[in-house]
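Subject: Structure handover

Hello,

Here is the structure for you to look through. My notes follow below it.

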Amino acid sequence: MSDLDRSTKTVSSGSVMVGVHGAGLTNKIFLPDGAVVVPFGTGLGISHLLRSPLNHHGYPISGVQDRARGELTVGNIQSQSPGDCRSQIMGKESKRPVLGAASMACLLIAVSLCIALLVSKDSPFLSWRNQIPNWRGNNDAGKVDQVTEERDALKNLLGRLVRGEERNQLEVGGFTCHFDDHTEMCLSAKPVRISNGGLTVHVLSDGSQLERSVRPYTRREDERVMKLVTPVQILHGDVANLLSCNFMHSIPAVIFSTAVTGNAFHEFSEIIIPLFLTCRHFRLQLKFVTTDRNALWIQKYSRILNRSSDYEALNLDDGSVHCFPGAVVGLRYHDNLALNSSDIPAGHSMREFRQFLRESYDVKIKNMHEIEKLQKPVLILISRNQTRKFLNEEAVVEMAQGMGFQVVRAGPNTVSNLELLAKMVGSCDVLVGVHGAGLTNEIFLPDGAVVFQVVPLGLDWASTNYFKIPTTAMDLHYLEYKIEPRESSLSEVYGLDDPVIVDPASISAKGYAAVRAVYVDGQNVKIDLDRFKDTLEEAMRLVRHSKT
């Protein structure tokens, strides 16, 4: 038997608990109904006693922490190991006074009185307690009202993520699911218990034994990608069949997968922006649970996660059971690098998200007007060293410098350092790169800056949909340079008359694997400097115009 088990049995058989204010008084939750707590030395006096309902150990009541008032109502506490107990939320202990002889005498008198009062079945204290309007006993209507208000508030927050019949299901039954081309999502306004590393969610129900499977990643239309995402099993059952809680949480959980990482475009489009859309209106009061946990990804985006929640992302790989008042499984998605104010949840915009990023990475410049007019315009060149790289990069850099640009090359090491890159891009005038994930960093550019995309053969659709269309909502200027067949390395491999060169659509018809092998992974570019110069001159004109 553990120390806590022995302590629990001792306290649950007692009638009076006496102690100086501190962590030890937390054990009052194990006292039987009608027992008395006598706290000393804190100035809280009898008001502290009256605010502390006593419950039998293991009695399941809802737990809610009010951050504004700093109060904690403990509920659903199960037998735990000593190590688990450290997870319970506790305030710092105040300095403890030393009791003198007079104080000790008062203490003994108080204890004696309490024991005398408790001897009788009809304890005067119990009768007095029941006369107090604010007494929060188990059967107190005020407490029921408070729990109901909190659950209704949670339903309202969750309700912003669904519409129509799905919202009605949430309001009436406390649970609903949404599936579309991109998203798999379930919402619970009922208490949940999360186990198995976040892969199993037990939902308290009224006897129904339903089971659902959700893959919490926003690429539902791409089965190739979704095979990498481990499904979350959602099980409905009554309280008798639920696992015991190791850790209690007073705010909802948001579960999402970090299985598909390593590409900035997909990380922002399919995790970061959906996370913002799903969680923004919770105002930091939620806890993230990541499945397919990727610690490097969590570290990379720690600033964004810390700006989205007041709490660190939870790691449930230790097999513990975490209990929450509700949960979101999956994330909302709008489009590629997009937030549409009319889509669910309504009201969010790319402008709002870009400001959120500036605050997350401490980027000071919001608009091109704020950049010093007399300094040379800064052009950041995304320098690739594997596929879709500039074969004549040195010549491109020299030409841009000769035109008056201050050129900064951002290689793989720079691009992988998100904090450094955010500040670099956030104060530059022009971002240039061949189509690829590096151009995702356009999201950090100041308003009025220029995105200059070099479009390789066979990648027109992706270039337009991934990086051109989003620039409008970002308040950016967009320029592109479409290479000609002779500027592609593919012309030397296949010849200028091959379908790869003259009919890219025929290659696309063979599927994504063929497109990736030929146009994404198998192509580099050698820029025609004379033609390229015209577009650079247009970029310079736009920069000057934005600063006037």
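Start with leucine 284. With a relative accessible area of 28%, leucine 284 is partly exposed, because that value falls between the 20% and 50% cut-offs. The residue sits in the loop between helix 9 and strand 13 (287–291). Phi of leucine 284 is near 75°, a positive value in a residue other than glycine. Keep in mind throughout that this is a predicted model.

**Overall**

The protein has 548 residues, and 49% of them are buried. Its secondary structure comes to 22 helices and 20 strands. Take the contacts between residues at least 6 apart in sequence: 70% of these join residues at least 24 apart.

**Backbone points**

Most residues other than glycine have a negative phi, and most peptide bonds are trans. Aspartate 475 is in the loop between helix 17 (470–473) and strand 20. At 25% relative accessible area, aspartate 475 is partly exposed.

There is also a cis peptide bond. It joins isoleucine 344 and proline 345, with omega at about -10°. Proline 345 belongs to the loop between strand 15 (327–329) and helix 12 (350–360).

**Helix 9**

This helix runs over residues 264–279 and bends by about 25° at isoleucine 272. Proline 274 follows within four residues of that point. Helix 9 is mostly covered, with 15 of its 16 residues buried. Look at its start as well. There, a side-chain oxygen of asparagine 263 comes to within 2.9 Å of the backbone nitrogen of phenylalanine 265.

**Helix 13 against helix 22**

Two packed helices are described by the angle between their axes and the distance between the axes. Helix 13 covers residues 393–402, and helix 22 covers residues 529–546. Their axes come within 11 Å and cross at roughly 45°. That angle lies between the 35 and 65 degree limits, so helix 13 and helix 22 are oblique to each other. The crossing of helix 13 and helix 22 is right-handed. From helix 13, the contact uses Ala395, Val396, Met399 and Ala400. From helix 22, the contact uses Leu529, Phe532, Lys533 and Leu536.

Threonine 535 is also in helix 22. Its relative accessible area is 14%, so threonine 535 counts as buried, the cut-off being under 20%. Beyond residues up to four places away in sequence, threonine 535 touches Phe452, Leu479, Glu480 and Tyr481.

**Glutamate 487**

Which loop holds glutamate 487? The loop is the one between strand 20 (477–482) and helix 18 (490–494). Glutamate 487 is buried, at 1% relative accessibility. The side chain makes two polar links to note. A polar atom of the glutamate 487 side chain lies 2.8 Å from the backbone nitrogen of aspartate 528. A polar contact of 2.5 Å joins the side chains of glutamate 487 and arginine 531.

Glutamate 487 and aspartate 528 are 41 residues apart along the chain, yet their C-alpha atoms are separated by 6.9 Å. Leaving aside neighbours within four places in sequence, the contacts of glutamate 487 include Asn524, Val525, Lys526 and Ile527. Tyr481 and Lys482 are also among them.

**Two buried aspartates**

Aspartate 447 is in the loop between strand 18 (430–434) and strand 19 (450–455). At 10% relative accessibility, aspartate 447 counts as buried. Leaving out residues up to four places away in sequence, aspartate 447 touches Arg354, Arg358, Lys366, Asn367, Met368, Met474, Asp475 and Leu476.

Aspartate 222 is in the loop between strand 9 (211–214) and helix 8 (223–226). With 15% relative accessibility, aspartate 222 counts as buried. A polar contact of 2.4 Å joins its side chain to that of arginine 219. Aspartate 222 also has a C-alpha separation of 9.3 Å from aspartate 181, and these two are 41 residues apart along the chain.

Best wishes

How values were computed: Residues numbered from 1 in each chain as written. Predicted model: local features only at pLDDT ≥ 70, side-chain atom pairs only at ≥ 80, totals over all residues. Heavy atoms only, no water. Bend = angle between axes of the 7 residues up to and from the residue. Buried < 20%, exposed > 50% of the residue type's maximum accessible area, 1.4 Å probe, protein only. Polar contact = N/O pair within 3.5 Å; in protein donor to acceptor, adjacent residues only side chain to side chain. Contact = heavy atoms within 4.5 Å. Axes fitted to C-alpha atoms, helices over the stretch in contact; angles between N-to-C directions. Parallel < 35°, antiparallel > 145°, perpendicular 65-115°, else oblique. Left-handed = near helix turned anticlockwise from the far one by under 90°.
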